[in-house]
Structure formats: C-alpha cells, structure tokens
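Dear colleague,

Please find the structure below, with its sequence. My notes on it follow.

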There are 4 protein chains.
Amino acid sequence: MKPWEGRFTGATDVLMERFSSSIAFDWRLFRYDIEGSAAYAEMLGRIGILSGSEASEIVAALSEIAGEIENGTLPFRDELEDIHMHVEQRLIEKIGELGKKLHTGRSRNEQVSLDTRMYVKEELARLDDDLKGLMEAIVRKAETEKTAIMPGYTHTRRAQVIPFAHFLMAWYYAFKRDRERVAGARLRADVMPLGSGALAGSTLPIDREFLRARLGFSRISENSMDAVADRDFVLDALYAAATIMLHLSRMSEDFILYSTEEFSYLSLPDALCTGSSLMPHKKNPDALELIRGKASRSMGALFTLFTLIKGLPSTYNRDLQEDKEPLFQSLASTREAVAIMALAVRGLFIDREAMERAVRMSFMPAVEMAEYLAAKGVPFREAHHIVGTMVKACEERKVFLWEMDLDEMRRYSEAFDEAVFDYVDPRHVVENRKTEGGASLREVERQIEKESAYLRGP
Amino acid sequence: MKPWEGRFTGATDVLMERFSSSIAFDWRLFRYDIEGSAAYAEMLGRIGILSGSEASEIVAALSEIAGEIENGTLPFRDELEDIHMHVEQRLIEKIGELGKKLHTGRSRNEQVSLDTRMYVKEELARLDDDLKGLMEAIVRKAETEKTAIMPGYTHTRRAQVIPFAHFLMAWYYAFKRDRERVAGARLRADVMPLGSGALAGSTLPIDREFLRARLGFSRISENSMDAVADRDFVLDALYAAATIMLHLSRMSEDFILYSTEEFSYLSLPDALCTGSSLMPHKKNPDALELIRGKASRSMGALFTLFTLIKGLPSTYNRDLQEDKEPLFQSLASTREAVAIMALAVRGLFIDREAMERAVRMSFMPAVEMAEYLAAKGVPFREAHHIVGTMVKACEERKVFLWEMDLDEMRRYSEAFDEAVFDYVDPRHVVENRKTEGGASLREVERQIEKESAYLRGP
Amino acid sequence: MKPWEGRFTGATDVLMERFSSSIAFDWRLFRYDIEGSAAYAEMLGRIGILSGSEASEIVAALSEIAGEIENGTLPFRDELEDIHMHVEQRLIEKIGELGKKLHTGRSRNEQVSLDTRMYVKEELARLDDDLKGLMEAIVRKAETEKTAIMPGYTHTRRAQVIPFAHFLMAWYYAFKRDRERVAGARLRADVMPLGSGALAGSTLPIDREFLRARLGFSRISENSMDAVADRDFVLDALYAAATIMLHLSRMSEDFILYSTEEFSYLSLPDALCTGSSLMPHKKNPDALELIRGKASRSMGALFTLFTLIKGLPSTYNRDLQEDKEPLFQSLASTREAVAIMALAVRGLFIDREAMERAVRMSFMPAVEMAEYLAAKGVPFREAHHIVGTMVKACEERKVFLWEMDLDEMRRYSEAFDEAVFDYVDPRHVVENRKTEGGASLREVERQIEKESAYLRGP
Amino acid sequence: MKPWEGRFTGATDVLMERFSSSIAFDWRLFRYDIEGSAAYAEMLGRIGILSGSEASEIVAALSEIAGEIENGTLPFRDELEDIHMHVEQRLIEKIGELGKKLHTGRSRNEQVSLDTRMYVKEELARLDDDLKGLMEAIVRKAETEKTAIMPGYTHTRRAQVIPFAHFLMAWYYAFKRDRERVAGARLRADVMPLGSGALAGSTLPIDREFLRARLGFSRISENSMDAVADRDFVLDALYAAATIMLHLSRMSEDFILYSTEEFSYLSLPDALCTGSSLMPHKKNPDALELIRGKASRSMGALFTLFTLIKGLPSTYNRDLQEDKEPLFQSLASTREAVAIMALAVRGLFIDREAMERAVRMSFMPAVEMAEYLAAKGVPFREAHHIVGTMVKACEERKVFLWEMDLDEMRRYSEAFDEAVFDYVDPRHVVENRKTEGGASLREVERQIEKESAYLRGP
C-alpha cells in the first residue's frame, strides 16, 4: 500500500516502479534517516502530538529497524520507492497505528534534504582527515628527500634545477587550498531543514531549534521553499571533490611520467602496481591511472548535477532523486583516491643519481647565466639573447654550456668571468636562489617547518 | 595468485585491490567474455595451438562457468580484479593445466574491447527497437487525436494555432534522427579486435577472419594499437543515448507543462504518477521528472568519457576501466526512459475543450491577419505594424481581436473586409495553411501516413 | 623580433602565429599588466638592478603605453603573441636599451598569473556589488508585495498556499550563499605570485613583500612551482559564476512560467521583452531566456577549465592560454545577467487577483485539512488517506474541498467540525503557520527585516 | 525602430539591448543570410507576392548590402539586435516600401536555422578537406619512415617493439572514423527549413521546393515545429569537432612526450615552437599544447549546447542565440588545429637511433619469449610466469633478457633452445608478426597502400 493512494485510481505501472525506485542506492542513508526520525519523534513528544511513551516506543522501534537494515534482514522492495517509506512502513508493521503518527507535519522533501546533509557533513569531515593524512605524507617525504635535486619542467621540457622536495611541496599547497573548499562545503551543508514541510512549513508548532540541537547542526534553514529545493551544498561537495581529484590526477600523471623507463626518477611500490595478462615484464602504475580515470568521473558528477539542477522548476521536483548516485560515487572514490595517493607518496622510491644526471645533461643553467649577466649590468633582454645564441651553438656541437671554456664564453659577452662556473653550478643555484617560495634548499626547509606546524594544528 | 606475479616482489595492497577491482560492475559482460573465449579456444584448435579435443573441453567448461555466474554460484573476489580473470581462474580450477593455454597470444586489452563492443552492439539494437516502439506510439496517438487543435508556443507564449498531432509529430522527427545516430554508433562498434594482442598483434597465426565470422562482426580492426585504445564507439553510443535523453527530457517538460492545473491540456495516467507523503491531493508527474533527471546523468556520462579519454596516453591505460559504469548506466536508463515515454504517450488523456478554449482566448490569429493584409498588397512589415497596434488597443480594452467589428478594423487598415473573420478562424487556419510540413490538418495526415509506412519498414 | 629568437633557427609559421596569438583577447588585461610592470620596475629600482631614474623613466613610459592602448593607437600584431610582449616591445621602442632591463628575473608565466589574479579580484568585487543590488531589489519587492498570496508549487503542481514574497525570498537566500562562494574565490585569487620566475624563483633579490603591498594583495605565494601553475582561483571564480547563473536561470524559468497567459501571475516590463518579426501580438521574455541560455555557457566555461587543467603536466604549459576567453566571457555575462535580473525584479508587475483566484480554485488546503485531523488525534498517515479520498470524490464531482458541507465531510471522518472551514481558509493558513522559515506572513516580515539589516551591512 | 514595436508601450532598456544583441557574432552569417533572402525574394516573385521586377530590385539591393558588409561600411548597432534585422533595415533604407515586403510569411526563427545550416554545411565540408590533408600527411610520413622501429607503450611503459609508422597509422584510423562523424553531421544539416514560419508554416503558398533547389539542399524539413526548434545538427557538428579535437589532443600529447629530452625520439620544427621570455634555452612545443588546450574548449562547447538545449521549452526560444559563439569558435579552431597538426606531422624529425637504442635497452621481447615457449607447448599462463621470473632476476642483476646465455635460460625452462635469440630479436619480431593489423613491417606496408588508395578516392 502506498501512503498516498487515497487519491489515486489506477495502480502504478511495474516498469514505473522500477524506473522510479531509489532504494537500490538511497538505503545508504538509512542511519541518517533513522536518526532524523528518532529526533522527530522526540520532538513530537515535546510538543504534545505524541505522548512521552509513544515517542519512546517509536524511538525504540526505529532503533530495531536500524539493526535489521544493518543485518540485511529487512528486504528492499521497489514498490516502497525509497528508504523513507521502507522505514515508515516497517515501523507501522512493528507498532501499528502509532507508527502512522510519525509523519505528522513532515514531508519526504525535507527528510531527504536532512539525510543528505547529514551524509555530506560526515563524509566531508572524513575526507578532510584523509587530506591531512596525504599532506602529512607529502611533508614527511619532502623532509626525507630534501637534498635531492632534479630538473624542474615547464612545457614538459627541462627548465631549471629544483629540489625534488620543492616539486612535491607544490602539490601540498594545492591540497591545502582544497581543505578550504571542503570547509566551505561543510559550512553550507550544516543547515537543519526539518520543519520546512513539503515547501511551506507547518501549522503545527514544530520545534525546529530542538531538532537542530539534537541532530548537531549549527543553523536552521531560513526559508522553507529554499530549504526543500536547495542542493547547492551537493554542488559544493561535488566541486570540492572534483578539484581534489583534479589535483590527484595531475600529481598521478607527474608520478607516472617520472617513473617511466625514460625518466626513471621514481619508482612506485609493487603494492600499487599490477602486471599484464600477456606481457610478463610489465609493471604498470594502475593505481595512479585509476586516479586519473576516476577524476573524470568526479568531474562528470559535478556536471551532471549542474545540468540537472538547471532544468528544475523551483522547489522540490523528482529529478532531484538523481543527485544521489553521483554524490555517493564521487565522495567515496575521492576518499579512496586520497588514501591511495598517500600510500604512493609514502612508498615512492627516489633515484637521486638519475635525477642528478638529468640535471647535469641539460641546458638548464641558461637562466642563471642570463641573470648573472643581468646582475653585471647587461640589459636582461640582451643577456637572454646572448645565452640563447650560446645554446644554439652548443646544440650544433653537441656539448652543454658547462663544457664551454671561459674564452669561448667571452666571445659572446665580455661580462663573463671565472665566477660564472660557480654561479651556474646546480648545487649552488639551489643554494643561491633568494626569493621566498623559490626553488632553494632554504625555502624547502622553511616550507617543511611551517607546514609541519600547521598540520600539528592549533 | 595473480597471473602476472612472476615478476613482482611485494603483494598488492588491500586498499589497492578494492580500488582497482572492476568485478562489481564488469561481471555484466560475462556472457560476452565467455562467448569470446569459446570462439578463441575454437580458433586455437584450428591453428594447432590446441588439439581439437582440448578446444572442446575448454568450450564445455566455459559453458559451465556461464551457468555458474548466471546462478550466482561463482563468488566474485576483488583480488581477481575483473571478469576476465574470474573466468580464466575458474577454468584453471576446473580443467587444470589445459586452462592455462586459453590465454595464448591474447591480452585483456583486446578482450575488454571485444566484450564491450559485443555489449554495445546488442544494447543499441535493443534501444533501436525501443525507439521504434515509441515512434509507433506517437504516430498512433497523433492519428487518434488528429483533429484536436491547440495553441502552439514560442518563447512559452501562445504563438499560432496548431493541430495537437502536429506538436506530437515534431517529437517524432527528433527520434527518427536519433535512430540515425544509433545506427552510426552500431556501425562503429561492429569491428572485431581480437588478434591485436596487448597492442602489437602476435607472432602466432591467430585466425582473425574465423573469429570475426564466429562472433558475428562485420569487419576486423586494421591497426592493433588503434584497436586496443579506441573507445570512439563508446563515445558514439553515449552520444546517441545523450541526444535521445535530451529529446525525452524536453518532451517530458512539455507534457509536465501542458498537464499543469494552469494549462490542463493533458493528463497523465495514474500508473506513471506518484503522490505526496504529506499532501493528500497531489498527483505528481514523477515518471517524466525522472526522465529529465536521468537525462542529466546521460549527459554527464558522455562528458565523463570525453574528459577521461582526453587525458590518456596512447594505447591501453587503466583509466579506461572507468568507462564501464557510465556506459552501463546510461544505456540502461535510456532504454527504460524510452519505454516509459511510450507508456506516457499511449496513456495520455487529451482535453480538447481546454485546448480549444485556449485557442480562442488569445491573440493568436494576429499572424494570419497580417498575412491576410499582405496578400492584399500591404507590405508585410507594415501589415505587421498595423496588427501590432490593434493588439495593443485590444489589450487596453481587454478584448480579443475577433471581438472587434469590421468598422473598427478598417480604422486600422482599409484593406480589411468581411472575409477576414473567416480567414483567421482557427479551424480555417489549420485547414488553409499551404506549406509542406506546416501546421495544417492535411499535413498532419500526410506525416502520419508517410511515417506509418516507414515504421512498417521495408 | 621575438625575445627568444637567439636559440631558434627557423621562423615561426604564419599559421602558427595566428593559432598561438592571444592578443585578440588578453589585451583586456593591459591595465593590470602595466600596473604590474610599473610595480616591478619600482622594485628593481629598490634592489639596485635599476637606478632610481631608470625606474621612473620606465614607469612614465608604461603610463604612456596604457594611454595608447586605451586610445586604440597601439596596433596589435599576432607575431607579438600576447599583451606582455606588446607592452615590452613598445617600451623598448620608446626608451631603447633601458626597456630591455624591465624583464630582469621575471617570466611571462608569473606575469600572466598576476594579471589574471588582479582581473579576477576586481571583477569579483564588482560582481559582489551587483549581487547585493539584486538582493536589495528582491527584498524591496518582497516588502511591497508582502500581503499577496499565491499557490506554491512542487513538481510544477499546486501544492500549498504561500505568500508571493516568500517565494521571492527563497531566491534571495540562494544569492546570499552565492556571495559566500564569491568571497571564497576572492580569497583564493588574493595571492601575489611575482618573484616565482618561470617556476623556480630567482637568484636575484626580488622584493616580493614590496610588490605585494604595492599591488594590494593580502599574501604572497609560498611555492614558486605552485604559483605559476595554479589556476584554482580561476576555477573558483568560474564555479561561483556558474552557480549564480544556475540560480538566475531557474529564477528566470519561474518568471517565464508565471508570466504565461496560462498562469498570468506576473508580467514583465516591456523594456526587457522583445517582439516577433512575424507575429505581431508576441511579447517575449527574451531577457530571461537569454539568462537561461547564458547560464549554459557559464557552466560550459567551468567544464572547459576542468578538462583543460586535468590534462596539464605540472607547472606552466601553453594550454593555460585557453583559460582566458571562457573566464572573461563568463564573468562579464554573469555580471550583466545579475543586473538584468535586478531590473526584472524591480519592474515586475504582480496580478494579485489572478494569484488569489488560483489559490481558491485548487485542492491546496488538503495538507492543512490533514494536519487539522492530526491535531485532533487522527494518526497522520490515516488523516492523509482520508483527505486523499475526499479529493478523489471531489474531482469526480468537479467541486473543490471547500464546496463540501460539514455533513458530507463527517462521512469521511467524525473528527471534522465547523472549525475546519476557518482552519483551511488560505488567508488564515498563511497567518497560522507556526514554523520559523515557514510560508507565513509573520515569517515573511521577519525575513525582510533581518535581511534588510544584513544588506545595510555592518 | 524595431519591426515589432506596434504592440509595445515602453522602449527597450539600453542594458537589455546590449545583453540581447547578437550582431557582434552573428554578422558572420551575413553571406548566408543574404543568399537566403535573395532566394526568398525570387520565390515571392514566382508565387506572385512580388512582381518580377520587385524581386529583381530586392536581389540587387541585397547584393549591394553584402558588399557593404564585406567592406565594413555598414555599421552594426545593438538596437537592431541581429544580422537579419540589419539586412532588412538596410534594405528598407535603400529601396523603401518594397523592402518591407521581403519578410512576408517569413520568420527570423526559420532564417537563423537556414543561415546556421548553410554555415555548418560549408564549414564541415572544409573541415573534411582539412582532415583528408592531415591523413595524407600521416600516410606520407609513415611511408618515409616505414622501417624505423621504436618501443610501443601501454600504461606509458615500454611494452613491445613496433614500427614507428604503425604508431602513426593508429592515429590515421581515428581520423578516418572522424570523417564518418563529419559526414553524419553534414547529412543532418542538409535540410532546408524555410517555409516553416515562426513554428506553423504559412497560409501563403511558399514554394519550398524552389527554395530547396535554389539554396542547394537535399531535403526540406517535414514538420514546421521541429524545423524551427531543431539544433541536433549543431550538436552533431560540435560532437564531430570535439572528437576530432580529442584525437588531436592525444596525438599532441604523444608528440610532446616523445620529443622530451628524456624520450628524444622526435623533434618538432622550430616553426611550430616558441621560446621562453626568461629561459634562453627553451624550445617549447606550444602548437601542440595549444591543441590540447583548445580541445577542452571544443568539449566545453558541446557541453554548453547540451545543457542549453536541455532547458528549452519546445520550438523556438531565445536561449538558442547562445549556440552561435560556441559553434563558430569550435569549428574554426578545429579546422586550424587540423591544419597545424598536418604541419607538425610533415615537419617531424625522427631520431631512429634513439628509438632503436630504447628498443634494445628494455625487457620488451618478454612477450615473444613467452609466445615462443607457448608455441613449444608450454601452457601460456606458465610460460608467462617463467618469463616474469626471468625478468625479475635480470632486474636484480641489472641486465636485460638478451644478456642471459642459453644455459641460464634453460634453468628457467627446458623448452628454450638457440632459436630463441633469433625469435626475440626486435627486427625479426616486426618481420615475424603474423596477424592482420599487427605491428609488423608487412602490415605497415599494407596499411599505407590501402589507405593511399582510399585517399586518392573514387
């Protein structure tokens, strides 16, 4: 029996029951649904719609139902549509007429908003912890490897020598910003909607403040129509997840690239790789490739929601049911991906020798050479041109800049003297860089220290 | 035991096993995987890698495994990753050493391409049938209601009188185009990849032509690297599904609008509506709202795939695993949505009286009035201005154009005479329209006749 | 002459020059580019790379160049690629060798980050003002119309009576949340990147703190590689714009619907409508339709950026150039749309009579009737069923609930008595609703008062 | 003066004029608009609405207007909204009253559909030519380099030896499929909509067949409401463009990777690279990075259209105006990107030595070694395990498989004999592969030959 069948003549089509049922995924909300219902029953007791003992009886029965769902003994049926109706129906089976009172002045529109908000709050809190775990792993790795140097890249071309730890810390700051987005999303989810009814609130004296406190929310919603329709908090959660996955995807790509046979700066732990069914020698960075792939899905989830919400007339419409699977899928896989990346960072093996070899076999000191000339008064644009010409000449002779001797250099500019060799030595470069946030050993130390303190928290 | 563990030292991390496992969704491919493996075993028999009896033994065991999966007696385990390895492992359990020969010269890269192609071909064939069913429903409804007239809208404003059947047939043509897209997608899926190995083909004399014929494909792939990497056919299938859902979503929106209390041109069968948990009087068009919502997901699935594929280095990468869930989800819900819409069209109740009332209570004959003047030699832009001025005057007096008498009309233009009343009568308008494809009763008849013939097919 | 041509042999292909040039759109950054360069020159003066008079000469010349660009007298050329090189080249033309010193220790990678950050900060500040203007317009309209009542809708079906002002305020809260997102985006943009070089900082003692203060930023970037690569602030700006447009699009849709001939609750000012080239009677809500359409583009812009960034190897890559047009387009049209919506709200004409008629001609008091029974002790689920049955009976007889007399009602439930007629009277309903945030006249007053204070600001 | 102002009271808001004007981009359609209008005038002449000389006078004036737009002497003004009204207004200026007759029975709704269809047909025809040019470049390069061998990659890890030309041809087949999509999109665009009016056709005897033939279309639209609303052909064009850009983006990524210092298999012509403003030694693959970036925008354009169309009520709505910029932008940059890639392919320098060195310094013959054992009767799964174990042993000793002697190999399997060294030699492998489409020299020849014939065309 459907709760609303009083007004209907025909029965629901079976295909329609399957098409419209959401129990296959929204059962995941059961804990929140039951907690919300228990709080609601207590509140009905306080305002006299239920007697004290009625309220207690309902709360007790709800708690049993939670157990039944956990144990898998409550069968799910498409004709009961969703988790809300499963719980209510089971309650009526258990305690009869009294069960029919629970829904007084309440709508599924606000219930699903409540449940989803509770879910989002909890998952984002966990995601935030996961992020901190990853950031901790990065800082620790940066510390361990803080003297390793490697080529830094722009346009996937060797650009300037950098400490490996500086490269790693660049990703750290992306995740630090992600925590801000997660915090914003949590704030927006932290609003208690019960008491909004289907869209208009209620003529009954629902005690919203009691419900807020009982369910651990910071604020109550201020407009009942906004309350039942608003899914901005879902967008915010999906946006935060999508940006985290974006960063993880790019970081994965870096690690995949740097662990190729050709770069061979890094290798990944066997525990995160898999092999080939055909090629006996393969060790593939599957974990990181999957992060890249799952990032696309989190982005797809965000865009699904945007498109879905754009098409909605105001307040509640059934389209909103389709926000659940993308939301559940995206948050779950983002949390897993963060954890996997933390494992990857911890298990990363760094080949310092390979990195240093690459640093040496390159034209990278060109910038410092130009800065050297600039410091000696050569206008920078000219210094740039001079060194560019030297690089071209070296390429033709298949030598590197440091293989030129001073006489030869001075043919390009009189401003060169012996000191240049020292100035452009890679180890010296990473010691000499002077700017805050620059790719220097000193700055790496500073970053590690400051962020270690941040992670230990206030 | 993993098939590739010969080369590895460490074991796979448990979190990684869960993160990378695809068996939870790719088990849906089992029938194709087993059919592909059986064909492969037969082929190995033909080229002498297996004896005839070995091939038969494998085929028989595979058939048993299919039964076990159907009955749910084969347990799925994350550490076996995917459907391919579950089948192979079970085969080895059943027939020992012989089972280890099946994978000779074959890679999972080509297997998953094969399975997915077989799945897409089959699902698209069914989707095409579903589309024909919907188109049939539309033509039948158009025929039944072919004399009903209603306001046609642009900018959600009453524009010109049209036959209701003309409005319905407009959607028909969208689905007819969708069949072309489905056909294109089927063509692109209909390519047999086996024999491509991991990316390079094989030194063994794999008989690709035999496999093609045995598995019912039209063509074999022409470049092994393209074969293992190509997911264009997935994009094409998702694009076809997304455009179908786009049309269904807009058609749903039209039906939702026209069945509001305010329009009340249509009502939907109870079998496709649901009620409210709080509001006893509600009958909500949930089926159609869900179509709108699920359309967003199909669009999200397409964009997930675009983003995913864009990030891929060439040939096979593990990211590709993440194409499965969006693909399965989108095709399944598109098929359901098409079927639901066919039910909606068949069950639609048309309120002709309400429609005619709306036709009458409007300024819609304004166009015809201007065309009437134009036919009498008034430059159209001037005729347009004259009638516009008349409309403004009517609005101020709160009357409609047909409530003006001839004298009054002639104050706006001398060109008006008695005939105008007849010319702008809505029933006459839908009889008089002369253009092919126009909103006339004659054209509706023509469309119905022509498309009935098309649907009966050659 | 290209600044980097020292190292090149071949000339750039002409097609390539056109393909890679960004001057056609990034000239919009010229004010920021010049302000950034002036600050940079001053800083070079402070650290002794330039003399004081050299710095002044550069600053003065830059100021002239700004004037030339404003007046359109500086021609743009594809071979100079972007705004940065146009400004530098012009500087060299003007002041010769000295101009070549400006770029000392600086990279276009950090320059474009700086310019874009300055642009985003400024545009978001303006957008925030625009949002406040719109919110102000909503509150004022709500106040003016605070006693008007109308049907509230769920599933585009009449659900419960509400004050029109409550409906309007529901949108207000969406924009209030949007301001939070804008604030988050501003915060993330407010980081000064200069001194990061191409990716590694500099061996020169660039005074970043001076630059920060001089250019009005709150913080400096902490990691040079992150600084040149980070476009999270662009994502955040586009996300904020997309959610604003999402809200505007849905609000537009509401207004379009409510202003149809069928609803006719509202009409829009002529100043925001346009007519038809063919149909003289049409007045179309083009402004609102365009908002809906432009919303899609803002969502598309966000998606573009996600996809673009996902594919990037770490630090700077040229792909990033393609972030500009979506960013400029989205922020500009969001600002315009907010302003247009403020005009629409201010100019909205409300037809109270039509609204009240619709309230009356409906089954909407059904909820309150059920709540009435529940308050009398009938279990809510049963009360719901009773009223549902009454609605069905009424529909068959084509009457409304309030057309039943008490005797008849009591045939459905003994709990009914005379008081019910008063309880379900729409005007009483909007007076009686008790919940905070509910659709009652009292709550509307509270919302208006509280938010007026908020808008007056601290 | 607006053509529709007869019915309006207030003037259009200036902000609204700017917001709603499309002339800034739709002027690009002027040639189609004028050609369509000329055809329409001729048709009006044939059906007697215009006299023969009137029709000629209009056609002549239109031709002058085309000239004025080309020369830039016709100023564009926001208050005239779009290209259609600019042309009509100018016509009236030129020839007075007669100009007011042109629009008889015609609507901008059908005009914009016509213009856009003509534009899409023409641009797709050109894009198809561009694609053929690129495919030709690939085949020619493959032919020139057909004996070069390199490592083939899966998971960005060396997998199996392949001919470089086989890698190149893999991309060829992607573009060949793209031509099918372009062809489908052209087919769908090739439908003549004139005669559909605003949505309902006309009471005037518009000669649609004449218009079709005169304007070079294959078919006329069959339902007037579908005709004015349908933008499927825009989706199809954007989908084709997005898939082409997807392929170009991935191909770019391959070239960028293979031309790094670390891979150094390829180098790109200077004509497609640019340098750094700071780093004198850089030569960056900007052309290819921009292709990657612009690919995101084409994907964003497709997404924009999907979202836009999903939100549309049926038939024409003003939102549709926003399809133009994404369409123009995407088709133009796709055509440019195809041309740039053709330049890149032609100018590519291949370093055969570096490729062969990489082939040799790898465990790649492992597959062939396992196939060798399988051919000798070792069950493949066992052979795979044996070779995997050998690889692990080699890695520990830092040698390659080919550095093991036979005795050592036989410790892993008795099945090894002298012939194995020959079997796994890379040159022999690419000669021995037997499968059609496999990575063998013979198959590369076959592909080149077959596709050369295809490109010469029928």
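What rotation superposes chain A on chain D, and with how much shift along its axis? The rotation is 180°, with 0.0 Å of shift and an RMSD of 0.0 Å (least squares on the C-alpha atoms of residues with pLDDT of at least 70 in both copies). The two copies are therefore related as by a two-fold rotation axis. The same surface serves both, as 98% of the contact residues of chain A recur in chain D (contact means heavy atoms within 4.5 Å).

This is a predicted model: local features need pLDDT of at least 70, side-chain atom pairs count only at pLDDT 80 or more, and totals for chains, interfaces and linings use all residues. Residues are numbered from 1 along each chain as its sequence is written, chains are lettered from A and ligands numbered from 1 in the order in which they are written, and side-chain values use heavy atoms, without hydrogens and water.

Interface of chains A and D

Here 46 residues of chain A are in contact with 45 residues of chain D. The two chains bury about 3,800 Å² between them, 58% of it on carbon and sulfur atoms (accessible area, 1.4 Å probe, lost on being put together and summed over both parts). Two salt bridges are counted between chain A and chain D (a side-chain nitrogen of Lys or Arg within 4 Å of a carboxyl oxygen of Asp or Glu). A:Glu262 forms a salt bridge with D:Arg158, with the closest N and O atoms 2.6 Å apart.

Other salt bridges

Over all chains the count is 220 salt bridges. C:Glu180 and A:Arg188 meet in one, at 2.9 Å from N to O. This pair crosses between chains, from helix α7 (residues 164–189) of chain C to helix α7 (residues 164–189) of chain A (helices are DSSP runs of H or I, at least four residues, numbered from the N terminus). C:Glu180 is partly exposed at 32% relative accessible area, while A:Arg188 is buried at 12% (buried is under 20%, exposed over 50%, partly exposed in between; 1.4 Å probe, protein chains only). Both residues belong to a network of salt bridges that also includes A:Arg117 and C:Arg177.

Within chain A, A:Glu368 and A:Arg433 form a salt bridge at 3.0 Å, N to O. A:Glu368 lies in helix α14 (residues 366–375) and A:Arg433 in the loop between α18 (426–432) and α19 (441–456), so the pair ties together parts 65 residues apart in sequence. A:Glu368 is buried at 1%, and A:Arg433 is buried at 0%.

Regards

Notes. Helix = DSSP H or I, 4+ residues; strand = E, 2+ residues; numbered from the N terminus.
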